Amino acid sequence: MASQSGSSSIARPVVIEQVKRPEASSNWFLPGILLGLVLTGKNLVLNLVEAILATFGIVKRDKMPTVNYPEEKYEYSPRFKGNHVLTVKKDGSLRCTACMLCATNCPADCIKIVASEHDDPSVEKFPISYEIDILRCVFCGFCEEACPVDAIRMGPEWQTPGLNGSEFQYDIKQLAYRPQLKGGIVSVLDEKERHEAGI
Amino acid sequence: MVTITINGKEVEVPEGSTIIEAFYQNKQDIAHYCWHPGLSIAGVCRLCMVEIEGNPRLQIACNTQVMPGMKVNNQSAKVKDAVKWGLDFHLINHPLDCPICDQAGECGLQDQYMKYGQYDSEMGEGKVKKHKVVDLGPRVVLDSERCILCSRCVRFTDEVSKTNELGIFNRGDRAEVGTFDGKPLNNNYSQNVVDICPVGALTSKDFRFRQRVWFLKDAETICTGCSTGCSVKVYHNKEGLFRVKPVYNPAVNGHWMCDQGRDVYKFVNKDARLLDAKVVSGGKTEHMQATELAKRLGTTLKGAGKSVALVLTGAYTVEEYDAILNYFKSEVQTSNVYHWINNPENFDTFDGLLLRGDRNPNTKGLAEALSKNGFNGTWKELTDGISTGSIKTVVVAGPENIALFPDLKAKVSELARAAKLIWLGAAKSADLEALTGDVALLPTKSYVEKSGTFVNHAGLRQTVKRVTTIVPGALSLTEAVAAMKGEDVLAQPKQQAGVASPTVGAGRVNNEFTLTRGVW
């Protein structure tokens, strides 16, 4: 606010900078296309050679610079911020307490949570519905930063094709229990341990 | 008047007031958890500490009277240190369940910690575990771990509701709020203890976990649950209304409101509302815009004379009554206007605190409007008129909160005997839907969707401003009359002239739970 009020009271000298347009040589697209063709051709030849060598077991297949998508899939590092995961407790139930800090912090406003009372008084509150509209999501990671209980993380998965809009509306079943998670990812924060330690 | 100095600023306060009242009257920040302006002084939270010049020890502001020339200060390093240690004691056994706690976002302890706390706890011991999710009664849930034993709720049941359900049991850090021998907290004012709880120990079953408070906008209006007309705040967002809380208004309700009034918001939300205009005629049903229906009705009603009767309930504003009565007098040219009193047997009852037997917000306003226009028809004249066939069309401005009209079913079948029934109303009702004769249903706006004046039982005129829109197509009676006259009515009308001030009622000040959140 201070800088704003300062700029309005003090007159600044007007500096006109001339914008530099790209030179005429950048309009020559042919060299770029040729360079691309060279790269593709190089990889094609290398792949062919390596594929032949690999069939005879001379080199390993993973040396190849390309993969046979979708049969082979490239895995990013675990730190990659891809598709969301809702973590679970040791008993397999959701870790989320429905505090809605992720929904509050979400700049794309794509998280919708409906909270409810749990039968277990030690749990008290839990989400009966947790939905992410993944087409709105900007993968900024603010949700996992806001989460006080390590309930939402962004995992390394990134291939998310779908045939219609409903497939991009991730619900609890998709976020916590999709087959790739093999029963769910267990949260590092355990309420039971915390209670036993008297915290 | 006594002149004292608060944080270096000279102020005048009435003689005999306490230091905390002096802070409160002069809009100075001071923390208070056990002190409440509507309750007696307990002095147990020790967080309203002030330094008084010439006094070696800090004093609590809630139980110290002002003296001429007194210099008090709650900003000094000494006070800050005391508050920090006080907070440390309060938070020894307080659980860190802000994510689950319903009070998060409007919790006094949270605010105070962000201001004065932010220390590393000195406690090496584990927290004392107490009872969680205790069912105190039909409307309130208790979490003893979060309770800081300020005793506000106990004093409320002792002093205000005088039902004495709550007490503090055990001693030291084993002390807990509870009810004696399992007697439930079950009085018509029980949800006030949720409002006055400075932490999230007492939560309302109705509001619990439904929304986080920071997703809600608030607006001041008037409770339409009975003819007392309490000043209230409604909390709403795009999904509808979620809760109602009282606003301090010494002329009407003081600090409190009843639990029945808190339920009024439910009848305003979309699932309980009549959503579009409908005409049932000759076995066919036709849906249309409310303005379209009103225009059609206008052509049939114009100059129809004595064969038309108007039935009014006490749920509408003074301005709406004026508009519709003028229309019936000058354009329809009939004097058959009748007042539907829903519960005549207990109309004049009063529970001694706030709730009245007359469950309409504007009975007095309606009576004034009727006598001003010289309408004094009795209900018997109406039923006789329908029976003899002299009244062919009945126009009803129906109730908003149909749950408070036990005679609704009987009245609907009584009025439906007329050749044509035109029902203007906000509420969806199975009795109305079931009608097969010549019926027209026109959705009207609820009290949060229009501006106007309500006159309460004592004759106090209170204005309300539009809060939000819930049913976009609904019309107020004023707009419906305008459309009947053939004028073009906008779906979203401009603010009514003459209702400029947002203040409601006389002598109102902001309540202490007002929160300043970001701009929406």
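Trainee: Is D195(B) buried or exposed?

Mentor: D195(B) is buried, at a relative accessible area of 7%. Buried means under 20% relative accessible area, exposed over 50%, and partly exposed in between, with a 1.4 Å probe and protein chains only. This is a predicted model, where local features need pLDDT of at least 70 and side-chain atom pairs count only at pLDDT 80 or more, while totals for chains, interfaces and linings use all residues. Residues are numbered from 1 along each chain as its sequence is written, chains are lettered from A and ligands numbered from 1 in the order in which they are written, and side-chain values use heavy atoms, with hydrogens and water left out.

Trainee: Which side chain does D195(B) meet in a salt bridge?

Mentor: That of K245(B), at 3.6 Å from N to O. A salt bridge here is a side-chain nitrogen of Lys or Arg within 4 Å of a carboxyl oxygen of Asp or Glu. The pair links distant parts of the chain, 50 residues apart, with D195(B) in helix α5 and K245(B) in strand β13 of chain B. Helices (H or I, at least four residues) and strands (E, at least two) are DSSP runs, numbered from the N terminus. K245(B) also counts as buried, at 11% relative accessibility.

Trainee: How many salt bridges are there over all chains?

Mentor: The search of the whole structure gives 37. One of them joins R208(B) to E124(A), with the closest N and O atoms 3.2 Å apart. This pair crosses between chains, from the loop between β10 and β11 (217-222) of chain B to the loop between β2 (111-117) and β3 (125-133) of chain A. R208(B) is buried at 6%, and E124(A) is buried at 3%.

Trainee: Which residues are linked with those two in a network?

Mentor: The salt-bridge network holds E117(A), E124(A), D97(B), K132(B), D143(B), E145(B), R146(B) and R208(B).

Trainee: Switching to cavities. How many are there of 30 Å³ or more?

Mentor: Seven. On a 1 Å grid over the protein atoms alone, a cavity is a set of points where a 1.4 Å probe fits but cannot get out, and lining residues have an atom within 4 Å of a point. Points are joined across faces, edges and corners, and a volume is the space filled by probe spheres set on them.

Trainee: What lines the largest cavity?

Mentor: It has 17 lining residues, with V194(B), S204(B), F207(B), R243(B) and K245(B) nearest its centre. The space inside is about 200 Å³. Strand β13(B) gives the largest share of the lining, four residues. By type, the lining has six nonpolar, four polar and seven charged residues. Ala, Val, Leu, Ile, Met, Phe, Trp, Tyr, Cys and Pro count as nonpolar, Asp, Glu, Lys and Arg as charged, and the others, Gly among them, as polar.

Trainee: And the second largest cavity, what is its volume?

Mentor: About 100 Å³. It is lined by 13 residues, and T224(B), A315(B), P361(B), E400(B) and N401(B) are the closest to its centre. That lining divides into seven nonpolar, four polar and two charged.

Trainee: Backbone next. What is the phi of M100(A)?

Mentor: About 70°, a positive value although M100(A) is not a glycine. M100(A) sits in the loop between β1 and α3 (101-105) of chain A and is buried, at 6%.

Trainee: Where is S151(B)?

Mentor: In the loop between β7 (140-142) and α4 (152-159) of chain B. S151(B) is not a glycine either, and its phi is positive, near 70°.

Key: On a 1 Å grid over the protein atoms alone, a cavity is a set of points where a 1.4 Å probe fits but cannot get out, and a pocket is an open set with protein on both sides within 12 Å along at least five of seven lines; lining residues have an atom within 4 Å of a point.
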